[in-house]
Amino acid sequence: MLKVNVKGCEPFVEAAKYEAYVQKALDAFDVLQSEKGAGNDFLGWKHLSTEMPESILDDIEGICARWKNKGIDLVIAIGIGGSYLGAKCVIEALSHNFAKQLKRKDAPEVVFAGNNLSEEYLAELMDLASERNVACIVISKSGTTTEPAVAFRIVKQFIETHYGKKEAAQRIVAITDARKGALKTLSDQEGYKTFVVPDNVGGRFSVFTPVGLLPIAAAGFDIRALLEGVKKAEKTLAVKSPDNPAVVYAAMRNCLFSELGKKVEILVNYNPKLTYVAEWWKQLYGESEGKDGTGIFPASVNNTADLHSMGQFIQEGTRVMFETVLHVDNAQRNVVIDSDPQNLDQLNFLSGKHVEHCNHMAELGTRIAHIDGGVPQIEVSIETLDAKRLGTMLYFFEFACGVSAYTLGVNPFNQPGVEAYKKNMFALLEKPGYEEATKAIKARL
Ligand code: PA5
């Protein structure tokens, strides 16, 4: 099971202070588990792995098999925020680093759209689509978000033009609300297969619903193994204890924030496959805790690359941050550094060593240097980066997020601040109904 180690915070935090936050986190744990806290109508994510009907998994796998039979080699997954980052992070974490360049293709390539409004991005996506056999998964819980709606209008027209309207209905799957939203109405009219985003699961907690599972399965990954890891975490994390990893993590990050003024948490990885886990984590914690004028700002670095860019700041810049290091015990592939008789690069001291050993020493050395530089260290570790352990890790971060946000005293499950930019954008785009807002915003330009 995943472990959380807070030894790297001991030089900074008095034991009694930490214990006080463990108590606060245990109280917050009770709030989460009693399901009586703020936002308690959004707790469906807690039991997805045990309550997911088998028929949904069969349906997902059936669609992927049918698409494979049609020779589909490109799946465009359209969505933004929680309707995108979960699938993206799992696919990146489990994919071969050079999957795009390798010739062996045993599953379609999954690419993402609707997570930006770049015209160039969509034009270039159409360049790719013209060379491939295409299907599309369109995801929007509300069914009204502008970015995915714009991308979907373009991709839908492309698919209908290339394959005909009838075949388009075999190649487009929508994942949205059970009853409401423009995407629901459109899907019903066009006869698309639809999956429901449960009412009680918010976007950033939806990776283990069809929102995440369909694109992940389409990319060829084992969603049942992923859910097995979630199930394990669900069971372990439900036990109330000061040693519960979610309690430890929530207690320490709140203690560092409130007692030491550490306002920035940097999620650190030493494996490029984890880059998007950090992006997913930033949304999860940023949207769940950043409200009511409080919250830790979630940031991330990809090491060792970023030790040569952000390393200087983390070592010696403004002392506002702590780090949470994602540690993976074992690499799944081996590369050993050979001895070289000439030793011109003077690396023979590493002869016979695994590259991952060097990676671990870089990680350890960095951690000690950052402690010396005044940056407390939390470690979250898993044995290896496979589907099961990844499922465990993502569920851990979700559960810990609930505990942590309640410890901080905010509602983890709303995101009222996301609406402000939308209102301005609609006013500037002169959307019907926004006439007054349009006048007001134009007067400010
Ligand atoms: O976590 C959230 O709720 C948000 O990030 C949403 O996922 C995001 O805004 C996309 O919303 P929707 O799925 O309704 O298009």
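Predicted model: local features only at pLDDT ≥ 70, side-chain atom pairs only at ≥ 80, totals over all residues.
## Helices α5 and α6

Two packed helices are described by the angle between their axes and the distance between the axes. For helix α5 (residues 119-130) and helix α6 (residues 146-163), the angle is about 25 degrees and the axes are 11 Å apart. Angles under 35 degrees count as roughly parallel, so α5 is roughly parallel to α6. The crossing of α5 with α6 is right-handed.

On the α5 side, the contact is made by L122, L125, M126, A129 and S130. Their partners in α6 are V150, A151, I154, V155 and F158. By class, the residues of this contact of α5 with α6 are nine nonpolar, one polar and no charged.

## Helices α4 and α12

Helix α4 (residues 85-94) packs with helix α12 (residues 275-289) at an angle of about 155 degrees, and their axes are 8 Å apart. Angles over 145 degrees count as roughly antiparallel, and α4 and α12 are therefore roughly antiparallel to each other. Here α4 passes α12 in a left-handed crossing.

From α4, the residues in contact are L85, G86, K88, C89, E92 and A93. From α12, they are Y276, V277, E279, W280 and Q283. The contact of α4 with α12 divides into six nonpolar, two polar and three charged residues.

## Ligand surroundings

The ligand is surrounded by 13 residues, and the closest are S83, S140, S142, T145 and Q283. Q283 is also one of the α12 residues in the contact with α4.

In S140, an N or O atom of the side chain is 2.6 Å from an oxygen atom of the ligand. The backbone supplies the atom in K141, where a polar backbone atom lies 2.7 Å from an oxygen atom of the ligand. In G82, a backbone N or O atom is 2.9 Å from an oxygen atom of the ligand.

## Backbone features

Most residues other than glycine have a negative phi, and most peptide bonds are trans. E35, a residue other than glycine, has a positive phi, near 60 degrees. E35 is placed in the loop between α1 (15-34) and α2 (48-51).

The peptide bond that joins N303 and T304 is cis, with omega about 10 degrees. T304 is in the loop between β8 (297-302) and α13 (311-316).

Technical notes:
Residues numbered from 1 in each chain as written. Heavy atoms only, no water. Axes fitted to C-alpha atoms, helices over the stretch in contact; angles between N-to-C directions. Helix = DSSP H or I, 4+ residues; strand = E, 2+ residues; numbered from the N terminus. Parallel < 35°, antiparallel > 145°, perpendicular 65-115°, else oblique. Left-handed = near helix turned anticlockwise from the far one by under 90°. Contact = heavy atoms within 4.5 Å. Nonpolar A, V, L, I, M, F, W, Y, C, P; charged D, E, K, R; others polar. Near = heavy atom within 4 Å. Polar contact = N/O pair within 3.5 Å; in protein donor to acceptor, adjacent residues only side chain to side chain.
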